[in-house]
Amino acid sequence: MKIKAIETFATRDVAFLRVTAEDGAEGWGQVSAYNADITALVVHRQVAPWALGADADDIAALIDRIPEKELKFPCSYLFRAMCGLDTALWDLKGKREGKPVCALLGGTPGKLRAYASSMKRDITPDDEAARFVRLRDAHGFDAFKFRVGAEFGHDIDEWPGRSEAIVPTVRKALGAGATLLVDGNSGFSPARAIEVGRMLEDNGVVHFEEPCPWWELEQTREVREALSLDVTGGEQDNMIPTFRHMIEMGAVDVVQPDVCYLGGMVRTLRVAGMAAAAGLPITPHAANLSMVTLFTMHLLRTIPNAGPYLEFSIEEADYYPWQYGLFRNDPYRVEDGRVTVTDAPGWGVEIEPAWLERSTYQKSEVS
């Protein structure tokens, strides 16, 4: 069955994509969030011309073809746009077969442990600890990630002493039984990252994400080799050879692709396979409550080397106002610290019609 039309519904922050086959069947996906209106333009300029008229069932072949046809543009925006097509085609296929996407990929519906993921650095250690306690008590979270250093801070903290203060403050508030993760967001040199990492180890933190500038894989490996906790990374990368190199050189203990940044499920499954062959787990980046977290949920219910938890954004309308009001049903209900992948066909979610009506609409179709 061939692809007849590709439509995008976009705001600056998020854009959904609808694909329609020649028999009228539809599937919904999403391009990567952030500057999504620009990505929607890339969909129609550089993705749709190669997808229209192609076989809707041969998703992998199409996802391989587009970067070859757009060889002059090996860039983030192309893969962010391809994610919209990839994920919409999986939704279409799931609806045709009456199966959730995870089942199409050999997995099963079910529950996933989630960790409460903070995006804030402008929050005091006491306030961060207090909201973690509230979330633990309300939703049963038992794992939490917070931020140290400053984003690309070159060893300068968000404010003096914040990193040294927040780690023991959160540990004391949550107790010894909580699993703690931290994110450096490329903030440190190797020497400073190792110093911070030893402080993290002293406080029982198990996961140190992106300690050094993300493209400096040798620096990340230096930190990993010096520490006993897991050093992790990969969220910013979108080239398959980079992931291969990262894995083969031993840069990280945990591989963290983002389904949307990387270009969709087909490409993320390939990275997961590389990591599995090397004995490494996958804990993907999923830092907002658009469809990226839903894609990640299905991925983790599929792959054999899924990490122990799903990243789950805890930010509210003061930080991410755009991630609310996207769906008619709620795919992100948290109970006992778990989310659930249902057995509904495709992604199992319906986009809110009122949101679609407010968005900027574009269409490409077979003439």
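**Strand E4 and its partners**

I began with E4 and strand E5 (residues 143–147), which pair in the parallel sense over two bridges. For my own notes: strands pair if DSSP finds at least two bridges between them. Helices (H or I, at least four residues) and strands (E, at least two) are DSSP runs, numbered from the N terminus. Within this pairing, Ser117 has Lys145 in E5 as its bridge partner.

Before going on, I jotted down that this is a predicted model, where local features need pLDDT of at least 70 and side-chain atom pairs count only at pLDDT 80 or more, while totals for chains, interfaces and linings use all residues. Residues are numbered from 1 along each chain as its sequence is written, and side-chain values use heavy atoms, with hydrogens and water left out.

Next I checked E10 (residues 310–313), which runs parallel to E4 and is joined to it by four bridges. Here Ala114 has Leu310 in E10 as its bridge partner. I found Lys111 standing opposite Thr340 in E11.

How many of the eight residues of E4 are buried? I got six, so strand E4 (residues 110–117) is mostly covered. Buried means under 20% relative accessible area, exposed over 50%, and partly exposed in between (1.4 Å probe, protein chains only).

**The open sheet**

Then I looked up an open sheet of four strands, in the order E3-E2-E1-E12, with antiparallel pairing. Its edge strands, E3 (26–30) and E12 (360–365), each pair on one side only. From one strand to the next, the twist averages 20°. Helix H12 (residues 291–300) packs on this sheet and touches strand E2 (15–21) and E3. The direction of H12 makes about 105° with that of E3. Axes are lines fitted to C-alpha atoms, for helices over the stretch in contact (heavy atoms within 4.5 Å), and angles run from 0 to 180 degrees between N-to-C directions.

I also noted six bridges between strand E1 (residues 3–10) and E12. Phe9 stands opposite Tyr361 in E12.

**Arg131**

Last, I picked Arg131, in helix H5 (residues 125–139). Is Arg131 buried or exposed? It is buried, at a relative accessible area of 10%. The Arg131 side chain makes a polar contact with the side chain of Glu128 (2.6 Å). A polar contact is a pair of N or O atoms within 3.5 Å; within protein, one must be able to donate a hydrogen and the other to accept it, and residues adjacent in sequence count only if both atoms are side-chain atoms.
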